[in-house]
Amino acid sequence: MTGGQTPVVTIEGLVKSFDGRTVIDNVDLTVAPGRIVSVIGQSGGGKSTLLRCVNLLEKPDRGRIVIAGEEVFAGGRVVCDDLARLRQSVGMVFQRFHLFPHLTAVENVMVAQRKAAGVPEKQALETAVRLLKRVHLAHRGLAFPDQMSGGEQQRVAIARALALQPKVLLFDEPTSALDPESTREVLRVMRELADDGMTMVIVTHEVPFARRISDRVVFLDGGRIIEQGTPAEVLDHPTHARTREFLTSFDEITDQETHS
Amino acid sequence: MISWLQSHGYWPFHVAWSEWTSTLLDGLLKTIEYAALGFVAAALLGLVLALMRTSRIALVRLPATVYTELFKNIPLLVIISVTYYGIVQFGIKLGVFEAGALSLAIFYAAYLSEIFRSALVGVHGAQREAAQALGLNRWSTFAHVVFPQALRLALPGTNTMLVDLLKSTSLLTVIAAGELMAVGNSVASQTFEQMEVFLVIGAIYFALCYPLSQGLLWLERRVRAGSPLSPARSRRLRAARELLETA
Ligand SMILES: Nc1ncnc2c1ncn2[C@@H]1O[C@H](COP(=O)(O)OP(=O)(O)OP(=O)(O)O)[C@@H](O)[C@H]1O
Ligand SMILES: [Mg+2]
């Protein structure tokens with residue numbers, strides 16, 4: 001499926017527990033360049049924890065993580081000598097945006113370029129403006145987060161995550177805190193990123209969106225990958241009872257995005 | 001005009017203030033010096049204490065907590081006396097100025113550390129995490145994400161403390177610190193016009209503190225509105241505006 005290309009993310013035998021309770025239980029996952037993997041599953045299933053392990057915001061107990069050919073975690077230890085650089089190549093978008101409230105939108109997109117990557121001021125500003133345009137928010141560049149709608153904040157957060165040209169973007173329920181209109185705006189931006197060939201791992205409850213955008217869907221339950229495959233396989237013809245159970249709870253959700 | 005008021009008995013003052021002008025100015029200057037040095041030192045020490053108190057390591061937290069509780073519960077007047085007279089017993093003799101400024105710093109650092117600590121705790125943990133996820137190191141995360149937000153939270157309380165400290169410099173009169181209150185005492189004892197002298201001294205304190213607290217309120221509003229405080233940020237926002245308009 002991926003030819004001979006080096007995967008952007010490789011996770012092998014990942015285990016993570018909190019206070020002796022296993023939350024990620026021997027997970028393997030590979031994400032090839034330009035591919036989009038959606039992770040679905042019940043609340044508490046370990047989806048956020050899995051994403052947070054990828055950029056080592058959470059330190060796994062065991063397993064191996066390789067980002068773009070570079071081993072960053074192995075043998076129970078962080079082996080990457082430059083954690084900051086790893087995080088620059090893995091962009092993250094949070095459910096609640098977490099923009100920096102004391103900075104304008106454009107500064108939010110600039111700060112990591114300036115302070116983490118040492119990009120010169122002028123270039124950082126140009127990149128920030130270009131990325132705000134890309135998320136259709138050039139007109140809101142000087143607004144502060146509390147002056148923006150949820151959808152606008154989340155799109156700024158996406159621009160911020162893109163600013164260091166990450167090799168992969170991780171989304172943790174990017175639309176769960178948003179109203180339908182804002183959800184549409186954000187999903188549109190994500191679809192455009194997908195069209196541009198961005199590699200993405202998306203934790204989402206938007207099943208119809210996941211079906212359309214994903215190359216692969218992973219169903220995570222109780223910290224284990226119960227089932228994974230193409231959207232058609234996992235979402236339309238799930239083989240496991242747990243998956244079917246989970247999906248029926250989404251039956252009543254209409255496909256909002258097709259109305260945009 | 002003044003002489004007309006004086007000759008007709010309408011001039012309210014009995015003290016020949018023009019003779020005391022330079023003495024008063026010296027006192028005023030001293031007061032400002034004590035307040036400025038005392039506050040800067042208290043803020044620095046308070047920040048260190050606050051950072052210690054938010055540490056994960058209990059052994060780091062403990063001394064800061066002990067310090068804060070100790071000096072919050074001892075009167076400033078006692079601290080001033082102990083610093084000036086007491087330390088001599090251990091062979092350390094501080095000058096009046098050093099002892100005075102140090103006392104203010106010791107005392108107000110305890111209060112400021114409380115304000116700073118709650119401000120640091122008040123910055124949402126997710127902010128730190130978002131900064132880390134962007135590849136900012138610990139220092140950059142503190143300097144560019146946590147500190148500016150904590151500053152916003154700490155500013156109102158800090159400003160109250162600064163004005164309070166400025167007024168508390170008057171306590172330094174017990175070690176004859178030469179500040180405004182001490183000058184007032186000396187003028188009063190030489191003119192025997194206690195009431196008039198201290199009304200004038202009070203007016204001078206007011207003239208000092210009121211504009212200061214108003215200025216600090218203005219600063220608070222600016223910071224809360226996210227207005228740039230540094231020329232570099234002003235330039236950045238101007239450049240951003242230009243670029244965004246042509247975008
Ligand atoms: N820092 C932590 N300390 C202790 N337990 C945690 C921590 N983070 C997560 N957990 C626990 O790990 C489990 C998995 O949590 P996680 O947030 O990864 O689930 P999730 O699939 O993202 O759920 P949701 O859909 O609600 O976001 C939960 O039981 C949660 O309570
Ligand atoms: Mg989650």
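## Polar contacts of ligand 1

In this predicted model, an oxygen atom of ligand 1 lies 2.5 Å from a polar side-chain atom of A:Thr49. A polar side-chain atom of A:Glu173 is likewise placed 3.0 Å from an oxygen atom of the ligand, while at A:Gly46 it is a polar backbone atom that stands 3.0 Å from a ligand oxygen. Taken on its own, ligand 1 has 630 Å² of accessible area, and the protein covers 64% of this.

## The shell around ligand 1

Two elements of chain A, strand S2 (21-31) and helix H1 (47-54), each give two or more residues to the shell around the ligand. Helix H1 of chain A gives the most, with three residues. The residues around ligand 1 include the run from A:Gln42 through A:Ser43, A:Gly44, A:Gly45, A:Gly46, A:Lys47 and A:Ser48 to A:Thr49, and among the others are A:Phe18, A:Arg21, A:Val23 and A:Glu173.

By class, the shell holds seven polar residues, three charged residues and two nonpolar residues.

The size of an interface is often given as the accessible area lost when the parts come together. For chain B and chain A, the buried area is about 2,700 Å², and carbon and sulfur atoms account for 68% of that area. Three residues, B:Leu134, B:Arg236 and B:Leu244, supply 25% of the area that chain B buries against chain A, which is more than any other three residues supply.

## Salt bridges and polar contacts between the chains

Three salt bridges are counted between chain B and chain A. A salt bridge joins B:Arg236 to A:Glu121, with 2.9 Å between the closest N and O atoms; B:Arg236 is also one of the three residues named above for their part in the area that chain B buries. Where both partners have pLDDT of 80 or more, six residue pairs are in polar contact between the two chains.

Note on methods: Residues are numbered from 1 along each chain as its sequence is written. Chains are lettered from A and ligands numbered from 1 in the order in which they are written. This is a predicted model: local features need pLDDT of at least 70, side-chain atom pairs count only at pLDDT 80 or more; totals for chains, interfaces and linings use all residues. Side-chain values use heavy atoms; hydrogens and water are left out. Buried area is the accessible area (1.4 Å probe) that two parts lose on being put together, summed over both. A salt bridge is a side-chain nitrogen of Lys or Arg within 4 Å of a carboxyl oxygen of Asp or Glu. A polar contact is a pair of N or O atoms within 3.5 Å; within protein, one must be able to donate a hydrogen and the other to accept it, and residues adjacent in sequence count only if both atoms are side-chain atoms. A residue is near a molecule or strand if one of its heavy atoms lies within 4 Å of it. Accessible areas come from the Shrake-Rupley method with a 1.4 Å probe; for residues, only the protein chains shown count as cover. Helices (H or I, at least four residues) and strands (E, at least two) are DSSP runs, numbered from the N terminus. Ala, Val, Leu, Ile, Met, Phe, Trp, Tyr, Cys and Pro count as nonpolar, Asp, Glu, Lys and Arg as charged, and the others, Gly among them, as polar.
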